[in-house]
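Welcome! Open the model in your viewer, and let's walk through it together, one selection at a time.

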Amino acid sequence: MTKKVASRANAISPFHVMDILSQAKQLEAAGQNIIHMEVGEPDFDTPQPIIEAGMHALKQGKTHYTPACGLPELREAIAGWYEQQYQVKVNAERIIVTPGASGALLLVMGALLEKQKQVLLADPGYPCNKHFARFVEGRVNSIPVNANNQYQLTAQHIEQYWDDNTVMALVASPSNPTGTVLTQPDLKELAAAVARKSG
């Protein structure tokens with residue numbers, strides 16, 4: 001029996017960086033010195049206290065399913081970190097723990113982006129973002145960004161490109177792939193522009 005894949009899958013291309021990583025690992029195994037710049041991964045091993053905490057948790061039998069939004073103690077600790085680090089009070093109930101950023105982005109797209117509605121994305125940007133939108137049958141408006149706007153969406157982009165079908169704009173700080181960071185005034189201007197256009 002031949003199974004037909006959903007048509008939306010044809011618009012989702014492979015994450016080519018994993019092919020590049022595989023080739024780099026092969027070259028490395030063959031003795032070549034490789035500087036990895038293909039994946040967004042730290043260039044250091046997991047710190048020893050984290051390894052030991054993980055091993056301790058395994059020995060304590062903490063190997064079962066957790067609540068869907070994450071361990072309550074972890075969510076409380078994250079809320080406390082935001083208050084200590086940034087003096088921002090975030091209710092732990094508003095914090096959701098995911099196994100990585102991609103999982104979180106897919107959840108956000110699924111929650112906010114309806115079929116044929118549009119998300120604004122910076123271009124260049126993380127290649128998978130457009131695929132997350134396509135996976136939930138949303139549309140993408142890729143906004144060209146450059147060094148003049150630090151490769152970030154700006155309030156001006158929101159004013160220019162937001163239309164009746166737009167429901168969200170996705171920004172990253174630091175940006176992927178350029179690493180530029182939005183300032184607090186930039187974020188406030190972006191938020192105000194979105195509020196004006198979506199209000």
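**First stop: the second largest pocket**

Select helix α2 (residues 48-59), which gives the most to the lining of the second largest pocket, with three residues. Helices here are DSSP runs (H or I, at least four residues), strands likewise (E, at least two), numbered from the N terminus. This is a predicted model: local features need pLDDT of at least 70, side-chain atom pairs count only at pLDDT 80 or more, and totals for chains, interfaces and linings use all residues. Residues are numbered from 1 along each chain as its sequence is written, and side-chain values use heavy atoms, leaving out hydrogens and water.

The second largest pocket holds about 330 Å³ of space. Now pick Ala 57, Lys 62, Thr 66, Leu 71 and Leu 74, the closest to its centre of 13 lining residues. (On a 1 Å grid over the protein atoms alone, a pocket is an open set of points where a 1.4 Å probe fits, with protein on both sides within 12 Å along at least five of seven lines; lining residues have an atom within 4 Å of a point. Points are joined across faces, edges and corners, and the volume is the space filled by probe spheres set on them.)

**Next stop: the largest pocket**

Its volume is about 1,600 Å³. Select Leu 105, Leu 170, Val 171, Ala 172 and Ser 173, which lie nearest the centre among 38 lining residues. Then colour α4, which gives the most to this lining, with six residues.
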